[in-house]
Amino acid sequence: MEDSPENSLDHMAHRPYPLPTRPWRMKQRWNDLLFAHYPIPPSQMAPLIPTGLELDTFDGQAWLGVVPFWMDQVENRTIGDSTLSIPTTRIFSELNLRTYVRSPRTGLCGIYFFSLDCSSPLAVIGARTLFHLPYYFADINRTPSITIPDQTHYVSRRQLTSSNPRFEATFRPTGPVTLSTPGSLAAFLTERYCLFTTFRNCVLRGDIHHLPWPLQSAEADIRTDELPQAHNLTLPHDTPPILHFSSSLDVYIWSLQPDL
């Protein structure tokens with residue numbers, strides 16, 4: 001399924017709410033994503049959500065997502081439709097730990113990040129400064145398999161923190177590309193069009209736009225995952241993660257605004 005920056009802004013019917021009227025700030029292409037999602041009791045997750053946001057649950061469960069991927073074609077908007085790529089931030093790997101929240105003010109549902117580990121130090125500094133997101137520098141090695149199509153070996157270790165959590169997994173898609181059914185768990189976990197963060201006790205929202213996720217079923221051997229524990233979360237011992245894979249998606253990102 002093709003998705004290009006030139007045509008995705010012409011497709012709005014799948015969005016739960018309209019695009020912002022102001023210009024987008026950045027565009028990126030996200031590649032070889034593994035979505036590994038775990039059900040978490042709301043009682044465990046709720047105390048970690050900042051004041052001004054509420055957990056968004058599905059069938060009474062909160063969900064924790066561990067999402068390794070890499071991005072390229074990272075461009076920042078300058079004047080008009082002109083864009084600029086900053087050295088060392090055009091291509092890099094990233095590993096996200098996230099859950100899903102709802103704004104009681106606007107009713108909008110989006111992503112809340114516990115952490116975003118990133119292989120580009122400059123991208124970490126920029127995201128922390130401009131988007132007030134919990135980015136961390138990490139040593140990340142992403143190795144595509146030579147013998148198994150679309151298989152990736154992904155290893156990450158956070159740097160410059162007290163715990164430096166590690167993550168290691170091998171994953172690949174196992175089925176055809178499909179779009180999630182509205183109202184399904186897959187749609188709940190992936191079709192998100194904004195993120196929330198906080199700064200100086202103020203809830204901020206960053207809008208996102210992309211075409212519907214082209215998802216595939218996946219298999220993964222997750223050997224090490226110390227991210228949840230580093231953020232006071234415990235994975236269920238007897239429940240395997242729900243896995244999805246997506247090969248590529250173009251994304252537009254808007255600058256933050258108060259969640260009003």
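Visitor: What is the secondary structure of the protein made of?
Guide: In this predicted model, the secondary structure comes to five helices and 14 strands.

Visitor: And how compact is the protein?
Guide: Its radius of gyration is 17 Å, which is close to the 18 Å that the globule rule gives for 260 residues, so the protein is as compact as a globular protein of that length. If you take the principal axes as directions, the C-alpha atoms fill a box of roughly 45 × 45 × 40 Å.

Visitor: How much of the protein is buried?
Guide: Buried residues make up 51% of the 260 residues.

Visitor: What about contacts along the sequence, how many join residues at least 24 apart?
Guide: If we consider contacts between residues at least 6 apart in sequence, 69% of them join residues at least 24 apart.

Visitor: Switching to pockets, how much space lies in the largest one?
Guide: The largest pocket holds about 590 Å³ of space. Its lining has 34 residues, and those that lie nearest the centre are M26, Q28, A127, Y135 and I253.

Visitor: Which elements give two or more residues to that lining?
Guide: They are the strands β1 (26–40), β3 (62–77), β5 (92–102) and β6 (109–118), together with the helix α3 (121–130).

Visitor: And what kinds of residues are in the lining of the largest pocket?
Guide: The lining divides into 24 nonpolar residues, seven polar ones and three charged ones.

Visitor: How much space is in the second largest pocket, and which residues are closest to its centre?
Guide: About 360 Å³ of space lies in the second largest pocket, and of the 18 residues that line this pocket, H14, P16, A187, E191 and Y193 are the closest to its centre. Sorted by kind, the lining of the second largest pocket has ten nonpolar, five polar and three charged residues.

Visitor: Is S246 buried or exposed, and why?
Guide: S246 counts as buried because its relative accessibility is 0%, and the cut-off for buried is under 20%.

Visitor: Which residues does S246 touch?
Guide: Leaving out residues up to four places away in sequence, S246 touches N31, D32, L33, F35, W213, P214 and L215. Among these partners, N31, D32, L33 and F35 fall within the residue range of β1 (26–40).

How values were computed:
Residues numbered from 1 in each chain as written. Predicted model: local features only at pLDDT ≥ 70, side-chain atom pairs only at ≥ 80, totals over all residues. Heavy atoms only, no water. 1 Å grid on protein atoms, 1.4 Å probe; cavity = no way out; pocket = protein on both sides within 12 Å on 5 of 7 lines; lining within 4 Å. Points joined across faces, edges and corners; volume = space filled by probe spheres on them. Helix = DSSP H or I, 4+ residues; strand = E, 2+ residues; numbered from the N terminus. Nonpolar A, V, L, I, M, F, W, Y, C, P; charged D, E, K, R; others polar. Rg over C-alpha atoms; globule rule 2.2 N^0.38 Å. Buried < 20%, exposed > 50% of the residue type's maximum accessible area, 1.4 Å probe, protein only. Contact = heavy atoms within 4.5 Å.
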